[in-house]
Amino acid sequence: MYHANDMQLAIRIPTSPAAQDSTQYMQVDQGDKSLVVRNDMQNGGFPHAEYIINYSKKLEEDLQTFGMKIKQHEDNIKFLKTQKNKFDESILDLQVVLGKYHSSGTTPVAENEVHSHPQSDEETMEQIMRQENSAAGILCKLSTHHAIQAYNLMFTKDVLGIVARLGKVDDDNLSRLLSEYLGMQTMLTVVCRTYDGVKALETYDREGCINKSSGLHGLGASIGRILDGRFIVICLEHLRPYAGGFIANDPQRRLDLLKPRLPNGECPPGFLGFAVNMINIDSTHLFCLTANGYGLRETLFYSLFSRLQVYKTRADMLQALPCISDGALSLDGGIIKATGVFCLGNQEDVQLRFPKASVKSSLPENYIESERQIKELKWKKEKVIEDIKREQALLDNSKLSFDRKKAEFLKFLAESSSYAAQQQLSAKPERLTPR
């Protein structure tokens, strides 16, 4: 940044030949243009020294004005870039709300992706029940074929469901990637509201062994499915919830997370949003599932995904490495599990994945208005970009002129110093001549 006060010199000008030791100091900037010592200075004398001082004052004022213009252009550019970033964030928030996870209108497809139709809720349920000896499989079979029995079981009333069925995703490719990121074990995880619900799922005898006749083990045996191996249960009231705010006027209550920023302050190219906000949640699970009033997004899905970032391509994701803190994935199959942990190789053919949200549930009530807002914000953003280009051109021109003035003013200083030295030399013989 250029500032008028950053480049100042003290020029020492003798006030008269008879008073060589009496000097005046003037602060002047180094950056004015077209400055030369005029020919009449060669005649010597006080009027010419006075001319140098007065002209230097004028130069200092001109240079300060020039420096202020440069600073004004720099401030304008800084302000315009801030406005552009705000427009980018608002557009991105609206696109996520509308389920537009790709800016170009086409979703990048992983090289080895197995093409299939989006999975419905019924198909997700069927995939879970194929895990016959799992806790998730037993609970799903109980809810579909033994609904009355399940309702009468006190210990199942605190069970919200299985992770794979508690959220929906609009895009099948994104659903595959999120499911692969979590892994089969997490997708089959049982979710309970309270710790009492967790304790009711499994009981123990005096020796600490599992009581196979009670809890989920006893339930599995009663419907012909023996619970085998370990199973994971998540207790919502024991999770550390998201502590920030929510995106304003969003019926899905998406989290208002800070967008990633590159060292230059701009949002990384290809950034599409946060995974936690790309999950659609049924309205019954959005509010007050815990005693403290938290919903699924700020508890379960924030715990699973945290600030996992989603990018359009691997190239975009890798370029954004400096601002990825909690992992990232790209729509063409790239996955970063955590800082410094990369998933390489072919994308897995994930069978169990989040079901696709219905068209009705995925469109917010103000869909048309949101579309209009996006178009308006994009138009405003383009105008700001044009303003930035114009200000940058003015700044570059001002800096170029400033540099030229600086070079010419340095030449003026050199000639002024030479003139002052000549006046001093011409005055010394008069002092040394005896009377």
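Biologist: What percentage of the contacts in the protein with a separation of 6 or more comes from residues 24 or more positions apart?

Modeller: A contact means that heavy atoms lie within 4.5 Å, and residues 24 or more positions apart account for 72% of the contacts in the protein with a separation of 6 or more. This is a predicted model, in which local features need pLDDT of at least 70 and side-chain atom pairs count only at pLDDT 80 or more, while totals for chains, interfaces and linings use all residues. Residues are numbered from 1 along each chain as its sequence is written, and side-chain values use heavy atoms, with hydrogens and water left out.

Biologist: How many helices and strands does the protein have?

Modeller: Helices (H or I, at least four residues) and strands (E, at least two) are DSSP runs, numbered from the N terminus, and the protein has twelve helices and ten strands.

Biologist: In what order do the five strands of the open sheet lie?

Modeller: Strands of a sheet pair through backbone hydrogen bonds, either parallel or antiparallel. Here two strands are said to pair if DSSP finds at least two bridges between them, and the five strands of this open sheet follow the order 6-7-8-9-10 with mixed pairing. Strand 6 (271–274) and strand 10 are the edge strands, each pairing on one side only, and the twist from one strand to the next averages 20°. Strand 8 (residues 328–330) and strand 9 (residues 335–338) run antiparallel and are joined by two bridges; Leu 329 has Ile 335 in strand 9 as its bridge partner.

Biologist: Which helix packs on the sheet?

Modeller: Helix 5 (residues 172–182) does so, touching strand 7 (309–311), strand 8 and strand 9, and its direction makes about 145° with that of strand 8. Such angles run from 0 to 180 degrees between N-to-C directions, with axes taken as lines fitted to C-alpha atoms, for helices over the stretch in contact.

Biologist: Why is helix 9 described as largely enclosed by the rest of the structure?

Modeller: Buried means under 20% relative accessible area, exposed over 50%, and partly exposed in between (1.4 Å probe, protein chains only). Helix 9 (residues 297–305) is largely enclosed because eight of its nine residues are buried, among them Leu 300, Phe 301 and Tyr 302. The buried residues of helix 9 pack against helix 5, helix 6 (184–187), strand 4 (190–192) and strand 5.

Biologist: Is Lys 259 buried or exposed?

Modeller: Lys 259 is buried, at a relative accessible area of 11%, and its place is the loop between strand 5 (233–235) and strand 6. Apart from neighbours within four places in sequence, Lys 259 has contacts that include Glu 89, Asp 93 and Phe 271.

Biologist: Which residue forms a salt bridge with Arg 372?

Modeller: A salt bridge is a side-chain nitrogen of Lys or Arg within 4 Å of a carboxyl oxygen of Asp or Glu, and a search of the whole structure finds 17 of them. An α-helix has 3.6 residues a turn, so residues three or four places apart point the same way. Arg 372 forms its salt bridge with Glu 376, the closest N and O atoms being 2.8 Å apart, and the two residues are separated by about one helical turn because they are four residues apart in helix 12 (residues 367–432). In helix 1 (residues 46–97), Asp 75 and Lys 71 are likewise four residues apart, and their side chains meet in a salt bridge (2.9 Å, N to O).
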